[in-house]
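Dear colleague,

Please find below the sequence and the structure that I am handing over to you. My findings follow directly after it.

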Amino acid sequence: MRARLEGAAVVTGAAGGIGLAICRRLAASGATVVAVDVADRLGATVADLESSGAAVIGVQADLTTAGGLDAVLGSLDRTGVALRTIVNNAGITRDARLVNMTAEDFRVVLEVNLGVAQRLIELLLPRLEHGTIVNISSRAYLGNFGQFNYSMSKGALLGLTRALALALAPAVRVNAVAPGLIGTEMSMAIPEDVRAKMVAAIPLGRMGQPEEVAETVAFLASEDSAYITGEVITVGGGRSLSR
Amino acid sequence: MIRSEDRDLADVLNSLPLPDEALIFVANSAVSDGWTAVLDELTAAYQLSQAAVRSGGPIVYLVESDDLLGRRGIGSAMVACGLLSAARTLALETARAGSPVNVIALGTATTQDSLRVWVELLCRPDGPSGELIRLGADHLGKALP
């Protein structure tokens, strides 16, 4: 078990596979979790967390709107504890080769994956006297066919991570996690033969699990990583090295 | 197509014998930290890159080394690192067509001669693709994004 977490942790994209695992892991370490997602299934996520004894508040909100961001602030106030952790996990894909990519598919991916993170941090920073920010990037920041928009957004998220790490030190540490192929609903929707080829290219021979990403997030959010800031940790089974 | 807010840099780049369909995109290092400004800059890169790819032209993104390291604010850091990742993806997509896509990071001591040499080289169909060339010495000992 890692160092205990204090205060509140805001987690976006909380209803997805990785988001839920992060909420569960941070709650298990003692954080009061503000779980944010636009999806209706957030209710089930919150119920799942509560049933395991987690201190959690669910916020169903569209963070691309001012109202959605305000809803997060209101819920954070309801926790009655100080903000100590922000996890920017919300993300979507709209894949196409650049030659065929529509302006709307470009914009919406940048807006959700990057704009939401930037604006949420800006909104919450006055309440984060000290603590950590963990941005969930992707191994796609190293390049991924058909993902000009996604790759750009996840690379830019690393730029945000680096700049904030320098600007906010020493009070706030800022790091990123770059998951590779993880066994989420999104990955399982990939045709089986394609998925098998992707797994074959992973030296560790399998997809990662959401809990393995969550464990890395918990490490970066805790005092166990007290001397780490401005870094990105890839959770990808060695895929960044193989053919 | 030379896209540069910096007139001196634009003059240097315009003097090069580049293919007509080439795109040299100079990131606006004065971009503010506001989201709208960042999105506008990245959207400009998307639009111009798409046009270049459709015409089969090489692409070079020019950024500042300091911005890749996040030293000058979040807006310019997001743009620089976003362009680097976009170039890596685009290099995969254009590999078969033989159209290179690369990034040059300018250091404080980068000379115009050095810039000319590298931009010309990176626009050649037999040159590298998906690469980051960091000029100057600002990046030495520092981490790649």
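Helix H4 of chain B is largely enclosed by the rest of the structure, because 21 of its 21 residues are buried. Please bear in mind that this is a predicted model.

As to confidence, the mean pLDDT of chain B is 95, and 100% of its residues reach 70 or more. The model as a whole scores ipTM 0.96 and pTM 0.96.

The contact between the chains involves 30 residues of chain B and 32 residues of chain A. On the side of chain B that touches chain A, helix H2 (35–54) and H4 each supply at least two residues. The largest share of that side, 15 residues, comes from H4(B).

Leaving aside residues up to four places away in sequence, A:Val10 touches A:Val34, A:Val36, A:Val72, A:Leu76, A:Leu83, A:Ile86, A:Val87 and A:Leu124.

Chain A contains an open sheet of seven strands in the order E3-E2-E1-E4-E5-E6-E7, with parallel pairing. Its edge strands are E3 (56–60) and E7 (232–235), each of which pairs on one side only. On average, neighbouring strands of this sheet are turned by 15 degrees against each other, direction ignored. Within the sheet, strand E4 (residues 83–88) and strand E5 (residues 131–136) of chain A run parallel and are joined by four bridges. In this pairing, A:Thr85 stands opposite A:Thr132 of E5(A). Helix H5 (residues 148–168) of chain A packs on the sheet, where it touches E5, strand E6 (172–179) and E7 of chain A; the direction of this helix makes about 160 degrees with that of E6(A).

Is E5(A) mostly covered or mostly open? It is mostly covered, as six of its six residues are buried. A:Gly131, A:Ile133 and A:Asn135 point one way from the strand, while A:Thr132, A:Val134 and A:Ile136 point the other way.

A contrasting case is A:Ala66, which is found in helix H3 (residues 66–79) of chain A. The C-alpha atoms of A:Ala66 and A:Glu223 are separated by 33 Å, the two residues being 157 residues apart along the chain.

Chain B has an open sheet of five strands in the order E1-E2-E3-E4-E5, again with parallel pairing. Strand E1 (2–3) and strand E5 (132–134) of chain B form its edges, each pairing on one side only. Four bridges join the parallel strands E2 (residues 23–26) and E3 (residues 59–64) of chain B. The bridge partner of B:Leu23 in E3(B) is B:Ile59. H2(B) packs on this sheet and touches E1, E2 and E3 of chain B, its direction making about 170 degrees with that of E2(B). Helix H5 (residues 112–122) of chain B also packs on the sheet, touching E2, E3, strand E4 (101–106) and E5 of chain B; its direction makes about 170 degrees with that of E4(B).

Yours sincerely

Conventions
Residues are numbered from 1 along each chain as its sequence is written. Chains are lettered from A and ligands numbered from 1 in the order in which they are written. This is a predicted model: local features need pLDDT of at least 70, side-chain atom pairs count only at pLDDT 80 or more; totals for chains, interfaces and linings use all residues. pLDDT is the predictor's confidence in each residue, from 0 to 100. Two residues are in contact if their C-beta atoms, placed from the backbone, lie within 7 Å. A residue is buried if 20 or more other C-beta atoms lie within 10 Å of its own, exposed if 12 or fewer, and partly exposed in between; C-beta atoms are placed from the backbone. Two strands pair if DSSP finds at least two bridges between them. Axes are lines fitted to C-alpha atoms, for helices over the stretch in contact, and angles run from 0 to 180 degrees between N-to-C directions.
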